[in-house]
Amino acid sequence: ILALGIASIFNQSLRGIAYQYGKASQLAPFLYFSLIFSAFFDWLIFERLPNILSLAGAILVIAGGIIQVYKKNDR
């Protein structure tokens, strides 16, 4: 639990630094990768595969991030 607390503090600190150098709309697609990594680590550590609703939600979030990147490039 101590390691989780330390990792969480570093996560928030590094996100704060990232927001100093970029806009939230530019950083959001990169932060969506935490969804992919959490599903991967859930499978790797706890040997649990995501159910269909989790997969559908992940696809929607990832699609939203990709659409946002392409819309920014069109402008």
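## Opening question

How many aromatic pairs does the count come to? The count comes to 2 aromatic pairs. Rings of Phe, Tyr and Trp (its six-membered ring) pair if their centres lie within 6.5 Å; planes under 30 degrees apart are stacked, planes over 60 are edge-to-face, and the rest are tilted.

This is a predicted model, in which local features need pLDDT of at least 70, side-chain atom pairs count only at pLDDT 80 or more, and totals for chains, interfaces and linings use all residues. Residues are numbered from 1 along each chain as its sequence is written, and side-chain values use heavy atoms, with hydrogens and water left out.

## The ring cluster

F40 and F41 form a tilted pair. Their centres are 5.5 Å apart, and their planes make an angle of 55°. F40 also pairs with W43. That pair is tilted too, with 5.9 Å centre to centre and 45° between the planes.

F40 and W43 both sit in helix α3, 3 residues apart, or about one turn of the helix. An α-helix has 3.6 residues a turn, so residues three or four places apart point the same way. How open are the cluster residues? Relative accessibility is 39% for F40, 40% for F41 and 41% for W43. F40 counts as partly exposed, F41 counts as partly exposed, and W43 counts as partly exposed. The terms have cut-offs: buried means under 20% relative accessible area, exposed means over 50%, and partly exposed lies in between (1.4 Å probe, protein chains only).

## The chain as a whole

The protein chain has 4 helices and 0 strands. Helices (H or I, at least four residues) and strands (E, at least two) are DSSP runs, numbered from the N terminus. From that end, the elements run α-α-α-α. The radius of gyration is 15 Å, well over the 11 Å that the globule rule gives for 75 residues, so the chain is more spread out than a compact globule. The radius is taken over C-alpha atoms, and the rule is 2.2 Å times the number of residues to the power 0.38.

The C-alpha atoms fill a box of roughly 45 × 30 × 15 Å along the principal axes. Of the 75 residues, 8% count as buried. The chain exposes about 6,500 Å², and carbon and sulfur atoms supply 71% of that area. Accessible areas come from the Shrake-Rupley method with a 1.4 Å probe; for residues, only the protein chains shown count as cover.

## A nonpolar patch

Which residues form the nonpolar patch on the surface? They are F30, F33, I36, F37, F40, F41, W43, L44, I45, F46 and L49. Together they have about 1,200 Å² of accessible area. Patches are made of residues with over 30% relative accessible area and no salt bridge; like charges are joined within 9 Å, and nonpolar side chains (Val, Leu, Ile, Met, Phe, Trp, Tyr) within 5 Å.

Helix α3 (residues 33-46) gives the most to the patch, with 9 residues. F33 lies in this helix. F33 is partly exposed, at 41% relative accessible area. The C-alpha atoms of F33 and I62 are separated by 8.2 Å, although the two residues are 29 apart along the chain.

## Helix α3 and what follows

Helix α3 has 14 residues. From its first C-alpha to its last it reaches 19 Å, close to the 20 Å expected at 1.5 Å a residue. The expected span is 1.5 Å times one less than the number of residues.

E47 follows α3. Its phi is positive, about 55°, although E47 is not a glycine. E47 lies in the loop between α3 and α4 (52-74). At 67% relative accessibility, E47 counts as exposed.

## One salt bridge

The structure holds 1 salt bridge. A salt bridge is a side-chain nitrogen of Lys or Arg within 4 Å of a carboxyl oxygen of Asp or Glu. D42 and R48 are the partners, with the closest N and O atoms 3.1 Å apart. D42 is partly exposed at 23%, and R48 is partly exposed at 48%.

## A buried glycine

Is G22 buried or exposed? G22 counts as buried, at 18% relative accessibility. G22 is found in the loop between α1 (2-21) and α2 (24-31). Its C-alpha atom is separated by 21 Å from that of V61, 39 residues away along the chain.
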